[in-house]
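Student: Please take a close look at the aromatic rings here. I would like to know how they pair and what surrounds them.

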Amino acid sequence: MLSRKRIAPILTAYAAAIAVFHYYVNMRGGLSDLWFNAAHFSFLASLGFLIYPGFRRQDPDAITLWDLILALLALVPFFFLMATEESIYSASGSIHLTPLDLAVAGGTILLALEIVRRTTGWIIPILMIAAISYVLFAGNWISGVFAFAGMSVERFLYRAFYTGEGLFGFIANISASYVFMFMLFAAFLMKSGAGDFIVDLSRSLTSRFRGGAGHVAVFSSALMGTISGSAVANTVSTGSITIPMMIRNGFKPIFAAAVETAASTGGQIMPPIMGAGVFVMAQMTQIPFTTIVIVSILPAILYFSSISFYIHIHAKRHGIAATGERLPVWPILREGAHFFIPLAVLMGLLIKGFTPTYAAGISIPVIVAASWLTRSKRMSLRDIVEALAEGTRNMIVTGVLLVSVGIIVGIINISGIGVTFSQLIMEWSGKSLMLALVLVAIASLFLGMGLPVTASYIVLAVLSAPALLGLMLSPEMAALVSAGVTPPEVLMYLLAAHLIIFWLSQDSNLTPPVCLAAFAAAGIAQTPPMRTGLEAWKLGKGLYIIPILFAFSPLVTGSWPERFEVFAFAMVGILAFAATVEGFWDSRFTIYERLLFALATVLLLSQDKTWGVPDLLGVLQISHLAGLLLLILVMLWHKARSRKLTVGD
């Protein structure tokens, strides 16, 4: 056996070399997509077999002979594909696979099953096995709409290994290009000291408010989300500082861990980087990445604000004051001003129309150069190598997951089960958009119990996005689409449908039994992981409210004045919702106050068309004004009653 600690420098060098390989190919080219995607899987899987133990009872520091064999076998798909791809095509254009070709293709699927099992657990391998069984033979056993005639093993292995419909298709390409480069970008930023700057800036801006440490967690997680796009990485990097800070401030450990979990989950919905799923979304919808980023800004602010509202109410109820820290903002900004340079370069290149891959590739050396503008943290050659290695290590789970999920997506497309599922959603919902949202949310909840966020989003998007789009379009737009005409507005509705699914899928980080961000936070706070997940799920209710706005309001599909109108009143509505759920503001609500707060919430979050109210005020909606007036009146009533209780005491 080998010791991981003993060969750590070798593993670091190998990981850094993998990063350099990806950077070079992404910036200069030289390999076909199929070969590059195969190399992406082979290199990450080989490193993964050396880093992730095969079994829980195995010594975590030990690399067994079996691990070494699997690591070497993982390299075979890439080199074998390069050597033999052309030989499988005969002069007549027909395809001929030898027993060796079939063995390597089948072995690659087995390697994918094993590395995904090691990195994410049993759920995804079981789904993959079920999907493969369905397309090979089990579809014959099913009657009705899900029946499938099946295909031969040879044809399946060909499509899974040698084409873009399987392991090395467009999802693998997204992982090898966009996602890998942004992981590297985030790793370089963190290595340059951005994490400490973000926490210090958050403390200086929010620690003076009631429950200040909780707001530090939310604000720092929001800022960290702009560069990481990973809920678990966000939790570990900021939570190690903010969770102990919240506990010292008076929050119970389980609430502190839940706040960090819910806030860190927002890392995948916070522009400009967001999560791996957003790159898949851009590819699936053919909507520019920059459009998705810009549209996502206002919803992300709403989500983080919703958590802050819960923190504020919780702090009022339990008498938790500000932290008392007084950190001056300007010295912190001066010391960390150079961190904004690579972000500005990244956004500038994206706005100019450069691809996300190229923009991230240019911004990475800018991070290194910008670090030399300060004396505190100048990146050395060792720092650069460690950042390269860290980016690769962070990519292993996401990379092998995305490649492996390509099998499931390919089978859904081959079998036509996605179209069938969308038709069933239309039938079960009775063509009601709200009922369809409920069905998708339930599906997301169950998928989230076993799948990571990106996998959950991909599966749900393939299955249900067409149904949601069909229900969101007006009859006139639907008729144009059926006639082969696609107005520009339809793309925004398509984006809204995918954002609904993307947001609902985020509960994978919060929903037990597989809630990785909650597990990470629970480890820091020393709290029960499942209870932490349930508490975080309660705080993350914005993940369910805001998708309703995507579906029924112009938050995504409208003009900018309409979007800002919805945003402003939704902000107040989410505050009213948090107060309704907690049943507290200055004192415990009476039943009548709670009902009136709930009614104000509904009015502030709904649209005039929901109530059949005519459009009389242009952008302003009468239901929003009525909800705001009701909230002000009931708040005044509540405050007056609370003052009387205080005087009485």
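Tutor: One cut-off is needed first: a residue counts as buried under 20% relative accessible area, as exposed over 50%, and as partly exposed in between. The model is a predicted one.

Searching the whole structure gives 26 aromatic pairs. One of them joins phenylalanine 78 to phenylalanine 79, with the ring centres 4.9 Å apart and an angle of 50° between the planes, a tilted arrangement. Phenylalanine 78 has a relative accessible area of 5%, so this residue is buried. Phenylalanine 79 has a relative accessible area of 45%, so this residue is partly exposed.

Another pair is edge-to-face: tyrosine 303 and tryptophan 503 lie 6.1 Å apart, centre to centre, with 85° between their planes. This pair links distant parts of the chain, since tyrosine 303 belongs to helix α15 (residues 297-318) and tryptophan 503 to helix α24 (residues 488-505), 200 residues apart. Tyrosine 303 is buried, at 0% relative accessible area. Tryptophan 503 is buried too, at 1%.

The axes of α15 and helix α27 (residues 542-552) come within 10 Å and cross at roughly 150°. An angle over 145 degrees counts as roughly antiparallel, and α15 and α27 are therefore roughly antiparallel to each other. Their crossing is right-handed. On the α15 side the contact is made by Pro299, Leu302, Tyr303 and Ser306. On the α27 side the contact residues are Gly542, Leu543, Ile546, Leu549 and Phe550.

Returning to phenylalanine 78 and phenylalanine 79, both belong to a cluster linked by ring pairs, whose other members are Phe21, Phe36 and Phe43.

Rings also meet charged side chains. Arginine 117 lies over the face of phenylalanine 55, 5.2 Å from the ring centre. Lysine 541 has its charged end over the ring of tryptophan 537, at 4.1 Å from the centre.

In helix α25 (residues 516-525) the buried residues include Ala517, Ala518, Ala520, Ala521, Ala522 and Ala525.

Technical notes:
Residues are numbered from 1 along each chain as its sequence is written. This is a predicted model: local features need pLDDT of at least 70, side-chain atom pairs count only at pLDDT 80 or more; totals for chains, interfaces and linings use all residues. Side-chain values use heavy atoms; hydrogens and water are left out. Rings of Phe, Tyr and Trp (its six-membered ring) pair if their centres lie within 6.5 Å; planes under 30 degrees apart count as stacked, over 60 as edge-to-face and the rest as tilted. Buried means under 20% relative accessible area, exposed over 50%, partly exposed in between (1.4 Å probe, protein chains only). Helices (H or I, at least four residues) and strands (E, at least two) are DSSP runs, numbered from the N terminus. A charge sits over a ring if NZ of Lys or CZ of Arg is within 6 Å of the ring centre and within 35 degrees of the ring normal. Axes are lines fitted to C-alpha atoms, for helices over the stretch in contact, and angles run from 0 to 180 degrees between N-to-C directions. Angles under 35 degrees count as roughly parallel, over 145 as roughly antiparallel, 65 to 115 as roughly perpendicular and the rest as oblique. A crossing is left-handed if the near helix is turned anticlockwise from the far one by less than a right angle, and right-handed if clockwise. Contact means heavy atoms within 4.5 Å.
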